[in-house]
Amino acid sequence: MKMLKDHQILFDAECPMCKLYTKAIVNAGILDGDGRIAYQEVTEQACPMVDWQRAVNEIALINHQTGEVTYGIESLFKVMSAVVPGLHFLFSFKPFVWLMAKVYAFISYNRRVIIPPHTNSDHFQLQPTFRLYYRIAYIVFTWFVVGFILSAYAPLLTGVIPEGESYREYIICGGQILFQGLVILVVNKEKIWSYLGNMMTISLAGGLLLLPVIWMSNWLTIDPLICTIWFIIVAGLMLLEHIRRCRLLEVGWVLSAGWVAYRLLILVVLYLRIL
């Protein structure tokens, strides 16, 4: 491993993920102690070679010796090449670079709904560009992942919750998007995509918390009542996170009330065997 001397990485101070992995890069010795700085703390005059809007969207790595600036996945490839020089061949393979660039953009343009900033950052002049197709892609992706996990978890609730068709959980997840989408349109339509992105992150997190029980059920016989209790605990944690994120978005309590109401409605529908 070699240190990237005279290099500095610009990160988003309002992005917990960005702060975490850039700090890890410095701690690993790939960059020196001054090798990371928030772009919010740098003036345009100090780094005139930087495309600032692009640096806000994609993490920028500056070579102060040559003036070269790389962005996004190219910056990360450069860092990883310093750790494992043998990966340079892979990072020059165009189909792989294209695919990873799409994955990076998918995460980057949704980073503030994956882990929201703790404060309102609208006072900064430059903000990450909103790309609707990446947000829709994120919502659809999480919808199918959560539907898949819930479909695997549903048989563990047999005897407590009526059994249904394999597609039932996908309908329930999709219905939540439509239901809450209508509520946010009434409450604050300007924040519809921010809210739906945050809501689906909560759903994804809840689904991931169910995975350990699903895995254990492959080797152990778990009582449906225990699985139901764990499901209720996870739902409670999701509600707390939903309330927290609604506060950050400044959209009030109506959406959290709607979130609970939809689940109660689904419970009634399940017991009436409509789904």
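The structure is a predicted model, so local features are described only at pLDDT of at least 70 and side-chain atom pairs only at pLDDT 80 or more, while totals for chains, interfaces and linings use all residues. Residue numbers start from 1 along each chain as its sequence is written, and side-chain values rest on heavy atoms, with hydrogens and water left out.

The cores come first. In soluble globular proteins, nonpolar side chains tend to be buried together. A nonpolar core here is a set of buried Ala, Val, Leu, Ile, Met, Phe, Trp, Tyr and Cys residues joined through side-chain atoms within 4.5 Å. Buried stands for under 20% relative accessible area, exposed for over 50%, and partly exposed for anything in between (1.4 Å probe, protein chains only). The largest such core holds 35 residues, and Tyr-153, Tyr-195, Met-199 and Leu-255 have the most contacts inside it. At least two residues of this core come from each of α7 (132–153), α8 (168–188), α9 (192–216), α10 (224–249) and α11 (254–271). Helix α9 gives the largest share, 11 residues. Helices (H or I, at least four residues) and strands (E, at least two) are DSSP runs, numbered from the N terminus.

Tyr-195 makes a handy spot to look around from. Leaving aside residues up to four places away in sequence, Tyr-195 touches Gln-180, Ile-184, His-242, Cys-246, Leu-249, Leu-255 and Trp-259, where contact means heavy atoms within 4.5 Å. There is also a second, separate core of 19 residues, with Ile-9, Leu-61, Leu-76 and Ala-82 among them.

Next come the charged pairs. Side chains of opposite charge can pair when their charged atoms come close. With a salt bridge taken as a side-chain nitrogen of Lys or Arg within 4 Å of a carboxyl oxygen of Asp or Glu, the count comes to seven. One of them joins Asp-12 and Arg-112, at 2.7 Å from N to O. This pair links distant parts of the chain: Asp-12 sits in the loop between β1 (7–11) and α1 (16–27), and Arg-112 lies in helix α6 (residues 111–114), 100 residues apart. Both partners, Asp-12 and Arg-112, are buried. Together with Arg-111, they are linked in a network of salt bridges.

Glu-241 and Arg-244 also meet in a salt bridge, at 2.8 Å from N to O. They are three residues apart in helix α10, so about one helical turn separates them. Glu-241 is partly exposed at 22% relative accessible area, and Arg-244 is partly exposed at 32%. Arg-54 pairs with Glu-58 in a salt bridge, with the closest N and O atoms 3.4 Å apart; Arg-54 is partly exposed at 35% relative accessibility.
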